[in-house]
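Have the sequence and the 3D view open side by side.

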Amino acid sequence: MPYIFDELEDPIWRMLSSVKRPSRYAGGEWGADGGLAEGKERSSICLAFPDVYEVGMSYLGFQILYNMASGIPGVRVERAYCPWPDAEAYMRENRMALGSLESGRPLSSFDVVGFTLQYELTSTNILTMLDLGGIPLKVSERGEKGPIVVAGGPGAFAPEPLVPFFDAFCIGDGELLLPDLLSFFPARSREDVLRGLAKTEGFYVPAFHEGGSVRRRVLMDLDGGFAPSGMIVPSSEIIHDRVGVEVFRGCTRGCRFCQAGVVSRPVRERSPERVAGIARDLLVMSGYDEVGLVSLASCDYSGIERVIDLLGPDLSAKNFRLS
Ligand code: SF4
């Protein structure tokens, strides 16, 4: 029987009727335009989150980097998440490659695939995504073609267990590292990019590392740094289903056992005026009615009362909620 809609000829659409929570793979969310509305593509990056959609879409870091990359001229930015086992089985059975949500491009066709290492339990998901995306698992098996596979986030501070699988590690704040990474494209060869990154502060490139420690890149002035003016609004429920605005980095408590507190030192606060401005912009742009103040310990934010004062009129007049 012929399909009623042409879309049903697309293998992705056929998969959607066979898996749980098809919205995980549908894409098309508000704000997910990937940048590069016009002009020539100079570089492409796929932000890859090694967990399912509703977990990955709750990660504020990718919202910031996506918004930032989509504003860089010539850069195409897209996203991929780890499929749930039912979708993975369907893809393997039907020989489908893992592609981005925006265009379905296989991971292997991007210039850069950038994973975030939020917790070690997802390490095996990274291998699943590389394999499904058509990228050889090991650096030693990758030829001249194919993307540079990089990793950032807290897990990149202890990179050695994952060295066989990543071409480079990004150490520090993504707002500083991402533009430097993309500046190497278009490139003559993978080796040119990796040699260039190895000489750039904040990048650890195991194949070309000449010894010594890698200095972490730290964005000291959050007010002066990049602030997102847009976000991707999921079309189905996710775990943190609201606008998120980062109020500070680091943590005032300094618990000795805490990796997150140590790798994000020192404490750097965003001003209440900036926090309120970003919150207002994103609430209007997204249609959400709730904004969360995000950090490692937001109750320690010294500007919290001022933010409430500044947002108060909007909170009461428009029934916005603050969490
Ligand atoms: S994030 Fe929590 S555990 Fe870590 S230093 Fe801050 S208060 Fe301590």
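Predicted model: local features only at pLDDT ≥ 70, side-chain atom pairs only at ≥ 80, totals over all residues.

Residues are numbered from 1 along each chain as its sequence is written, and side-chain values use heavy atoms, leaving out hydrogens and water. Helices (H or I, at least four residues) and strands (E, at least two) are DSSP runs, numbered from the N terminus.

Start with helix α10 (residues 272–286) and helix α11 (residues 304–317). Their axes come within 8 Å and cross at roughly 30°. Axes here are lines fitted to C-alpha atoms, for helices over the stretch in contact, and angles run from 0 to 180 degrees between N-to-C directions. The angle makes α10 roughly parallel to α11. For orientation, under 35 degrees counts as roughly parallel, over 145 as roughly antiparallel, 65 to 115 as roughly perpendicular and the rest as oblique. The crossing of α10 past α11 is right-handed. A crossing is left-handed if the near helix is turned anticlockwise from the far one by less than a right angle, and right-handed if clockwise.

Which residues of α10 and α11 meet? From α10 come Pro272, Glu273, Val275, Ala276, Ala279 and Arg280; from α11 come Arg306, Val307, Leu310, Leu311 and Asp314. Contact means heavy atoms within 4.5 Å. By class, the contact of α10 with α11 holds seven nonpolar, no polar and four charged residues. In this scheme Ala, Val, Leu, Ile, Met, Phe, Trp, Tyr, Cys and Pro are nonpolar, Asp, Glu, Lys and Arg are charged, and the others, Gly among them, are polar.

Now turn to helix α4 (residues 60–69) and α7. They pack at an angle of about 40°, with their axes 10 Å apart. α4 and α7 are therefore oblique to each other. α4 passes α7 in a right-handed crossing. On the α4 side, the contact is made by Ile64, Leu65, Met68 and Ala69; on the α7 side, by Gly174, Glu175, Leu178 and Pro179. The classes in the contact of α4 with α7 are six nonpolar, one polar and one charged.

The next pair is helix α5 (residues 85–93) and helix α6 (residues 123–132). Their axes lie 11 Å apart, at an angle of about 30°. That makes α5 roughly parallel to α6. Here the crossing is left-handed. Glu88, Met91 and Arg92 of α5 touch Thr128, Asp131 and Leu132 of α6. By class, the contact of α5 with α6 has two nonpolar, one polar and three charged residues.

Stay with α5. Its buried residues are Ala87, Tyr90 and Met91; buried means under 20% relative accessible area, exposed over 50%, and partly exposed in between (1.4 Å probe, protein chains only). Why do these residues share a side of α5? They cover an arc of only 95° around the axis, which puts them on the same side of α5. The arc is that of the directions from the helix axis to the C-beta atoms. What covers them includes α1, α2 and α6. The face of α5 turned away from its buried side carries the exposed residues Pro85 and Glu93.

Helix α8 (residues 190–198) can be read in a similar way. Arg190, Val193, Leu194, Gly196 and Leu197 are its buried residues. They span an arc of only 160° around the axis, which places them on the same side of α8. Their cover includes β4 (148–152), β5 (168–170), α7 (174–182) and β6 (203–204).

Finally, the backbone. Most residues other than glycine have a negative phi, and most peptide bonds are trans. Arg21 has a positive phi, near 45°. Arg21 sits in the loop between α1 (11–16) and α2 (23–26), and is partly exposed at 34% relative accessible area. Asn319 also has a positive phi, about 60°. Asn319 is in the loop between α11 and β11 (321–322) and counts as exposed at 60% relative accessibility. Just after α5, Arg95 takes a positive phi of about 55°.

Two peptide bonds deserve a look. The bond from Phe185 to Pro186 is cis, with omega near -5°; Pro186 lies in the loop between α7 and α8. Arg265 and Pro266 are joined by a cis bond with omega about -5°. Pro266 is in the loop between α9 (259–263) and β9 (268–269).
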